[in-house]
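User: I am learning how the words used for protein models are tied to values. Could you take me through this one slowly?

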Amino acid sequence: MSVHTTLKKALEARESQNLLRGLQTVDQLHDFSSNDYLGISSNPEVLRLLDEAYQVERNRAIGSGGSRLLAGNMSLHEQLEAFLAEVHQGESALLFNSGYVAN
């Protein structure tokens, strides 16, 4: 049996048991599950200071938090993935918040 067939059967089994998870876009959420448990990366004062210093867009979270699956997916993530896929002429792109998570 090929690896492709084995993986396909495993995915079908998970799907039949309702065990598949997927990303949902949520732009407004409370973070109780990431490494940013103090909320520093989305603190309005920190963002204001960054906006003054680096002219970044306000009201955007910054820094590495937790998994997008648990801590939340944003439309900004999806826009960047689409941009990266286009730049690198790929079918798609996928961002990870750290090398550890990517592995």
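User: Which residue follows α1 with a positive phi?

Analyst: That residue is Asn18, whose phi is near 60°. Before we go on, please note that this is a predicted model, in which local features need pLDDT of at least 70, side-chain atom pairs count only at pLDDT 80 or more, and totals for chains, interfaces and linings use all residues. Residues are numbered from 1 along each chain as its sequence is written, and side-chain values use heavy atoms, with hydrogens and water left out.

User: What makes a stretch of the chain a helix, and how many helices are there?

Analyst: Helices are DSSP runs of H or I with at least four residues, while strands are runs of E with at least two, and both are numbered from the N terminus. By that rule the protein chain has five helices and zero strands, so the order from the N terminus is α-α-α-α-α.

User: Why is Glu81 called buried?

Analyst: Glu81, which is found in helix α4 (residues 75-87), has a relative accessible area of 9%. Buried means under 20%, exposed means over 50%, and partly exposed lies in between, with a 1.4 Å probe and protein chains only, so Glu81 counts as buried. Leaving aside residues up to four places away in sequence, Glu81 touches Arg68, Ala93, Leu94 and Leu95, where a contact means heavy atoms within 4.5 Å.

User: What makes Asp36 buried, and where is it placed?

Analyst: Asp36 is in the loop between α1 and α2 (44-54), and because its relative accessible area is 13%, it is called buried. The C-alpha atoms of Asp36 and Ala71 are separated by 9.7 Å, although these residues are 35 residues apart along the chain. Across the protein chain, buried residues make up 14% of the 103 residues.

User: Why is Val101 called neither buried nor exposed?

Analyst: Val101, in helix α5 (residues 99-102), has a relative accessible area of 36%, so this residue is partly exposed.
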